[in-house]
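User: Hi! Could you walk me through a few spots on this model?
Analyst: Happy to, just ask away.

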Amino acid sequence: MKLRTKYILFVVILHLVALVLTYFIFSENKIWFIASEAVIIISMVFAWQLYRQLIQPLKTLMQGVEAIKDRDFNVKFLSTGKHEMDQLIDVYNQMMDELRTERTRQEQQHFFLEKLIQTSPTGIIILDYDDNIQQINPKALQILGIAADGVVGYPVDKLEHPLFLQIKRLRSGENMSIKLDGASTYKLQKSHFIDRGFSRHFIMIEDLTAEILAAEKNVYGKVIRMMAHEVNNTIGPVNSIVQTTLKTNALWHSHQYDTLKEALHVAMDRNHNLNQFMRNFAELVKLPAPNKRTFDLHQLIGSVSKLMKVTAGERAIDFEFYLAESAFNILADEQQMEQALINIIKNAIEAIDFKGIIRFMTASNNRSLIISDTGSGISPQESANLFSPFFSTKKDGQGIGLTLVREILTNHGFEFSLRTIGDQQTEFTIVFD
């Protein structure tokens, strides 16, 4: 039973009892009976006025409660001129002002946090209470190479992407680094936060490729400069001595030292090769900033394939072209891209060794170039180091071909990957957007 119902019931019963008592007491004296009845009526009027004064704050309070339930913090009440009521109204209005200010602050913080997540250069994946993906930012989608519909709502341990296979092994507070496609390196970190009293996890994916490439380039740049300095300081005097010796005709008239003369020529050739070897390494360090201009990639592919056709033909290797019908214009340094394509094709020729096919495919929808070969494929151990300086799977390889490709494509901001399809087919993919 409500409080106001109890109050009304109490007042009604009290006045009924008073009426009955006055009837029995003053039934013989009509003047006193009428006077007592008038007093009871006046009491009922005062009781009703008092009821209204007592119940009005409660009604006002209930209206405020309903506004709070509806999260409408703009509802405020005006002063009534009654001290107690005005005190209650003042407290309520202050509370609503504080709630409205706090809600505005929280909305601003939420908007800022949402904007920060969406524009963060770090991939962020937020999980719900059951470790299903609830939210994923654009950078994470770019790193994973998938659409949001393919991951949102799915549990992390059910997704087959290599990064998710590593993420599900992480515990909260742990981090690890992983290298994909032998080129891109990522740092995975798993942590948690408290949401409405319960723990929820989130994962951050940080792309370390650029930092690692810069650190590697700095290190091997110092090594190459030191090697070049020492080799050049040695080759110069040695070549001078050898040339002086070869020009001393008195030593060679009798043909007694022909074997020595041949050895000196071999030494000269070897010194020349060593000098060329060091120049190739120096190109990695001195690679200039790309001089970008717009050109047709299809024309570049045609000119490079003609250049490499003789080399490929000597090993019975054919070229096949599956190019988009329209022109494929890109903004890049044409000379550097030419060198990159030459190195990729040369690597494919060496991977096939003898008798095979190298295919060139362009796709306008995702702005990509794929160069595939029917070579021996790449093992998982090799794929992790293919773009590392000085690493080569060939017996006499120098380990600079794919490293130079990596430097050129990274300087242009192009995404790339090298992977094995099936048992043997290898694909080198470049995405130009």
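This is a predicted model: local features need pLDDT of at least 70, side-chain atom pairs count only at pLDDT 80 or more; totals for chains, interfaces and linings use all residues.

User: OK, what about nonpolar residues on the surface? Which ones form a patch?
Analyst: That patch consists of Leu9, Ile13, Val17, Val20, Leu21, Tyr23, Phe24 and Ile25. Together they have about 810 Å² of accessible area.

User: Let's take Val20. Which helix is it in?
Analyst: Val20 is in helix α1, residues 3–26. Val20 is partly exposed, because its relative accessibility is 45%.

User: Switching topic: is His298 buried or exposed?
Analyst: His298 is buried, since its relative accessibility is 12% and the cut-off for buried is under 20%. His298 belongs to helix α8, residues 297–313.

User: What does the His298 side chain make a polar contact with?
Analyst: With the side chain of Thr362, at 3.0 Å.

User: Nice. Last one: where is Met361?
Analyst: Met361 sits in strand β9, which runs over residues 356–363. With 24% relative accessibility, Met361 counts as partly exposed.

User: How many residues apart in sequence are Met361 and Tyr322?
Analyst: They are 39 residues apart in sequence, while their C-alpha atoms are 4.6 Å apart in space.

Definitions and conventions. Residues are numbered from 1 along each chain as its sequence is written. Side-chain values use heavy atoms; hydrogens and water are left out. Patches are made of residues with over 30% relative accessible area and no salt bridge: like charges are joined within 9 Å, nonpolar side chains (Val, Leu, Ile, Met, Phe, Trp, Tyr) within 5 Å. Accessible areas come from the Shrake-Rupley method with a 1.4 Å probe; for residues, only the protein chains shown count as cover. A salt bridge is a side-chain nitrogen of Lys or Arg within 4 Å of a carboxyl oxygen of Asp or Glu. Helices (H or I, at least four residues) and strands (E, at least two) are DSSP runs, numbered from the N terminus. Buried means under 20% relative accessible area, exposed over 50%, partly exposed in between (1.4 Å probe, protein chains only). A polar contact is a pair of N or O atoms within 3.5 Å; within protein, one must be able to donate a hydrogen and the other to accept it, and residues adjacent in sequence count only if both atoms are side-chain atoms.
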